[in-house]
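Here is my note on the model you sent. Please read it with the structure open.

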Amino acid sequence: MRIAVTGGAGFIGSNFVRDLVDGRFPALGAEHVTVIDNLTYAGKLDNLADVRDDIEFHRTDICDTDVVTGHLAGHDAVVHFAAESHVDRSIDTGLPFMRSNVFGTQSVLEAAAAAGAGRFVHISTDEVYGSIPAGATAEDAPLAPNSPYAASKAGSDLVALAFSRTHGLPVTVTRCSNNYGPYQNVEKAIPRFITTLLAGGDIPLYGRGTNVRDWLHVGDHCAAVALLLGGAPLESVYNIGGGWQMANLDLAHIILGELGLGPDRLSFVPDRKAHDARYCVDDSRLREEFGYRPEHDFAKAIKETIAWYLDNRSWWSE
Ligand code: NAD
């Protein structure tokens with residue numbers, strides 16, 4: 001299979017590309033991998049340094065449909081990770097989010113169809129469902145986004161599904177929990193907590209730290225995407241959970257404990273606007289239809305993640 005990955009120089013995309021090149025998903029038979037990424041502040045070619053000779057790379061804006069169409073020629077599948085991805089930035093200004101996430105998704109869909117791609121996996125987020133006080137959201141739950149980021153992703157999901165319905169392109173939308181693991185930009189919670197402590201600062205916790213998130217290791221996320229790429233039905237939606245729910249305060253205590261530090265290194269900061277209290281997805285569809293099981297144990301994987309940031313100071317200290 002010839003696979004094109006948008007946003008492949010970002011956190012999750014680069015992990016997915018590495019897994020493809022390393023042959024982690026033999027069922028896909030990935031014979032050629034192309035990355036399309038315009039290297040925003042969040043994308044680094046360094047993230048792909050160890051596989052750079054094994055992939056075709058194009059520094060291209062996904063909104064440039066004609067150029068993307070040319071890059072996609074001859075590809076069997078597109079995995080669309082490229083997006084503006086940080087909620088706080090979207091609160092500062094939502095415009096780049098609407099451009100890259102909504103317009104950009106339409107652009108990649110049109111390019112994929114024009115190039116004759118046979119499969120399209122659109123990577124979305126649990127944030128499109130908004131906050132839920134209890135229980136878990138299934139794929140047919142209403143979309144109720146609360147941040148400009150989440151609204152742009154909800155818009156992109158609808159764009160992708162409508163494209164599938166209209167033009168027959170086999171599109172699968174995935175909605176995953178919060179990811180963690182190596183190569184994640186330090187603006188996101190877990191790397192922010194770790195690197196702030198390593199740099200001698202205190203963990204900045206929004207509000208009282210009561211917001212609950214489900215944590216999904218990036219390796220489990222990539223494995224789920226590979227399963228779906230291998231054969232999800234036309235115009236389908238799948239949730240991907242990690243199975244490790246916790247309040248941000250509990251997460252902060254785990255990271256403090258791993259680094260041998262105490263609660264005096266916590267700093268409560270004014271809450272994020274419209275901060276969602278809790279997300280939790282019901283991923284039983286993926287489990288039942290594809291046998292998905294997240295393999296990473298949080299207690300072990302968080303140690304490995306901390307070790308990665310300790311071993312790769314130059315990657316994040318810039
Ligand atoms: P990231 O910010 O680390 O990477 C995004 C990548 O997209 C970067 O390499 C960037 O250069 C590229 N990009 C952005 N705009 C582009 C454009 N206009 N043209 C070309 N490339 C562009 O993001 P991530 O954390 O790896 O997230 C990947 C996808 O997964 C996103 O769609 C995000 O919404 C989704 N997601 C992420 C999480 C998470 O916890 N990180 C959770 C749920 C869903």
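The points below cover the ligand site, the voids and the aromatic pairs.

1. Basis. This is a predicted model: local features need pLDDT of at least 70, side-chain atom pairs count only at pLDDT 80 or more, and totals for chains, interfaces and linings use all residues. Residues are numbered from 1 along each chain as its sequence is written, and side-chain values use heavy atoms, with hydrogens and water left out.

2. Ligand shell. There are 29 residues around the ligand, each with a heavy atom within 4 Å of it. Ile-12, Asp-37, Ser-85, Tyr-149 and Lys-153 come nearest. By type, the shell has 12 nonpolar, 14 polar and three charged residues. Here Ala, Val, Leu, Ile, Met, Phe, Trp, Tyr, Cys and Pro count as nonpolar, Asp, Glu, Lys and Arg as charged, and the others, Gly among them, as polar.

3. Elements at the site. α1 (11-21), β5 (119-125), α5 (148-167) and β7 (178-180) each supply at least two shell residues. β5 gives the most, with three. Helices (H or I, at least four residues) and strands (E, at least two) are DSSP runs, numbered from the N terminus.

4. Which backbone atoms face the ligand's oxygen and nitrogen atoms? A backbone N or O atom of Gly-10 lies 3.0 Å from a ligand oxygen. A polar backbone atom of Ile-12 is 2.8 Å from a ligand oxygen. For Ile-62, a polar backbone atom is 3.0 Å from a ligand nitrogen. The protein covers 97% of the 830 Å² of accessible area that the ligand has on its own (Shrake-Rupley method, 1.4 Å probe).

5. Cavity. The count is one cavity of 30 Å³ or more. On a 1 Å grid over the protein atoms alone, a cavity is a set of points where a 1.4 Å probe fits but cannot get out; lining residues have an atom within 4 Å of a point. The largest cavity has a volume of about 40 Å³. Its lining includes Glu-127, Arg-213, Arg-272 and Asp-276. That lining divides into three nonpolar, two polar and four charged residues.

6. Second largest pocket. A pocket is an open set with protein on both sides within 12 Å along at least five of seven lines. This one has a volume of about 200 Å³. Of its 14 lining residues, Arg-24, Phe-25, Ala-223, Ala-226 and Leu-227 lie nearest its centre. Eight of the lining residues are nonpolar, two polar and four charged.

7. Aromatic pairs. The structure holds 12, counting Phe, Tyr and Trp (its six-membered ring) with ring centres within 6.5 Å. Phe-16 and Phe-81 have ring centres 5.5 Å apart and planes at 55°, so the pair is tilted (under 30 degrees is stacked, over 60 edge-to-face, the rest tilted). Phe-16 is in α1 and Phe-81 in the loop between β4 (77-80) and α3 (87-92), 65 residues apart.

Methods. Polar contact = N/O pair within 3.5 Å; in protein donor to acceptor, adjacent residues only side chain to side chain. Points joined across faces, edges and corners; volume = space filled by probe spheres on them.
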